Amino acid sequence: FSLIQRETGFISGLVCVLHDITEQEKNDAERREFVSNVSHELRTPLTSVRSYIEALTDGAWQDPKLAPQFLSVTQEETDRMIRMINELLALSRLDQGTAKMELEFVNLNEFFNYILNRFDMMIKTENERNDKNNPMLPHEDKRYSIKREFVKQDLWVELDTDKMMQVIDNIMNNAIKYSPDGGVITARLMENHQNVVISISDQGLGIPRKDINKIFDRFYRVDKARSRKQGGTGLGLAISKEVVEAHHGHIWVDSAEGRGSTFYISLPYQTYENGDEWDAED
Ligand code: ADP
């Protein structure tokens, strides 16, 4: 940029054209990086599927031990690719603002509790189950318990329930995924007159300080190999962020490496008064 200086020596203005160009360049660079990320993310599972199919074609199909194993890997990888494509489509709809928001007033205490009950149910059915393809039951043999700390008062907020359920499911799934066996997950619901805040704390690995600002970025994973092995796409938190922001809310994380993480979601909230009025001041 350049300074506009008067004859008197006073500076009377700044020209900031370069700022816009930099912004544009930044967007272009981000788009290029995104396309490159998508290509790489899809190339890895595709290459691995191809090599398993090659091995099967070369004779492994006749091996009663290897064949089912190889087929199962190709199935898992294809499932993950489909999940990734679906998540990318969801992200693209959110980006373009074409994701339709189906807003309704819900009792957040009940809504959050309903979601947590589903996770409680999973613990109970875990031992009996053998359905590996059910995405709602991804936590084989992991024991965990959920503690609730909810504000007593009923909090009514306007939500797209399907989308917000995906966000909470994702954070809960991560909390379980990155928790030690037997870990406690604490779910809190709080209110501060302008916002409702949901938080989910785990006693897991935590997130290194250097990664903390990046985990909401598309495809960012602290440990790529580990996430991939667990069927992760690295898109869950990026989608969560878009969804929460589409509700005019915020999402953030507080974490200490080795001591666990707490994810927070805050949503705008107005106190419900006298059964029929909204009071913005209170
Ligand atoms: P993924 O599919 O890898 O789980 P996410 O977008 O949901 O993708 O999360 C991005 C990354 O953030 C994860 O790969 C992991 O490194 C980190 N992460 C998310 N939740 C937690 C958590 N509760 N504890 C530790 N690390 C987490």
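The five strands of the open sheet follow the order S4-S6-S7-S9-S8, with mixed pairing; strands are DSSP runs of E of at least two residues, helices are runs of H or I of at least four, and both are numbered from the N terminus. Two strands count as paired if DSSP finds at least two bridges between them. The edges are formed by strand S4 (144–150) and strand S8 (250–256), each of which pairs on one side only. On average, neighbouring strands of this sheet are turned by 15° against each other, direction ignored. The model is predicted, with pLDDT of at least 70 required for local features and 80 or more for side-chain atom pairs, whereas totals for chains, interfaces and linings use all residues. Residues are numbered from 1 along each chain as its sequence is written, and side-chain values use heavy atoms, without hydrogens and water.

Strand S7 (residues 195–201) pairs with strand S9 (residues 260–268) in the antiparallel sense over seven bridges. Within this pairing, Ile 198 has Ile 265 of S9 as its bridge partner. H6 packs on the sheet, where it touches S8 and S9, and its direction makes about 135° with that of S8. H4 lies across S4, strand S6 (183–191), S7, S8 and S9, and runs at about 30° to S7. Contact denotes heavy atoms within 4.5 Å; axes are lines fitted to C-alpha atoms, for helices over the stretch in contact, and angles between N-to-C directions run from 0 to 180 degrees.

Helix H4 (residues 161–177) also packs against helix H6 (residues 236–246), at an angle of about 145° and with the axes 9 Å apart. Residues of H4 including Val 167 and Ile 171 meet residues of H6, among them Leu 237 and Val 243.
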